[in-house]
Amino acid sequence: MSRPDSEQWKDAVKTELTSLSQMRTWTFAELPKGKKSLGTKWIFNIKRDGLNNIVKYKARLVALGCHQRPGEDYDEIYASVVSKNALRLFLAANSEKKYTCAFPK
C-alpha cells in the first residue's frame, strides 16, 4: 500500500483478525465435494469525532451471505435480537425481585 495511512489500515486489519480468532468466530473445515465456499470482503471505515478528527481506523471482514441458497447452504435462520425496552423491563423486574443474572462466558 502506498497511502500515507497504510500502517493504520494494516493495524486495523490485524486487530480484526485477532478479534475473530479470540472469539472463535470460525474454524477450518473440509469443504464437502461439489460445494463452494462463501466469499468474504473487507469493509474499511474511518471513525471521526464531532470535529471531524480521525478517531479510529476500522476494518471488518464480512461473509458474502447474499450468495447463499436456502435449503442448500442453510436450513434455518435465527438471529437473537432483543429490544432495549424489553431488556430494561427484564433487568428492572430482576432488580426489584432481588434476582441475580448469570451470563454465560
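Which element gives the most to the lining of the largest pocket? Strand S2 does, with 3 residues. I'll come back to that pocket.

First, the ground rules. This is a predicted model: local features need pLDDT of at least 70, side-chain atom pairs count only at pLDDT 80 or more, and totals for chains, interfaces and linings use all residues. Numbering runs from 1 along each chain as its sequence is written, and side-chain values use heavy atoms, with hydrogens and water left out. Helices (H or I, at least four residues) and strands (E, at least two) are DSSP runs, numbered from the N terminus.

Start with helix H1, residues 6-22. H1 has 17 residues and reaches 24 Å from first C-alpha to last. That is close to the 24 Å expected at 1.5 Å a residue, where the expected span is 1.5 Å times one less than the number of residues. Its buried residues are Ser6, Trp9, Ala12, Glu16 and Leu20. Down the axis of H1, these buried residues fall within an arc of 120°, so they line one face of the helix. The arc is that of the directions from the helix axis to the C-beta atoms. Buried here is under 20% relative accessible area, exposed is over 50%, and partly exposed is in between (1.4 Å probe, protein chains only). On the other side of H1, the exposed residues are Lys14, Thr15, Ser21 and Gln22.

What covers the buried residues of H1? The cover includes strands S1 (40-48) and S2 (54-63).

Now those strands. S1 and S2 pair in the antiparallel sense over 9 bridges; pairing requires at least two DSSP bridges between two strands. The hairpin has 5 residues between the strands. Asn52 sits in that loop between S1 and S2. Its phi is positive, about 70°, although Asn52 is not a glycine.

Stay on S2 for Val55. Val55 is exposed, with a relative accessible area of 56%. Leaving aside neighbours within four places in sequence, Val55 is in contact with Lys47, Arg48 and Asp49. Contact means heavy atoms within 4.5 Å. Val55 and Asp75 are 20 residues apart in sequence, yet 41 Å apart in space, C-alpha to C-alpha.

Back to phi. Most residues other than glycine have a negative phi. Arg24 is a further non-glycine with a positive value, about 50°. Arg24 lies in the loop between H1 and S1. At 73% relative accessibility, Arg24 counts as exposed. Just after H2, Lys98 also takes a positive phi, of about 65°.

H2 itself covers residues 84-96. This helix has 13 residues and reaches 18 Å, close to the 18 Å expected.

Glu72 counts as partly exposed, at 41% relative accessibility. How many residues separate Glu72 and Lys35 along the chain? The answer is 37, with 9.5 Å between their C-alpha atoms.

Last, the pocket. Its volume is about 470 Å³. The lining has 14 residues, of which Trp26, Thr27, Leu38, Thr40 and Ala63 lie nearest the centre. A pocket, on a 1 Å grid over the protein atoms alone, is an open set of points where a 1.4 Å probe fits, with protein on both sides within 12 Å along at least five of seven lines; lining residues have an atom within 4 Å of a point. Grid points are joined across faces, edges and corners, and the volume is the space filled by probe spheres set on the points.
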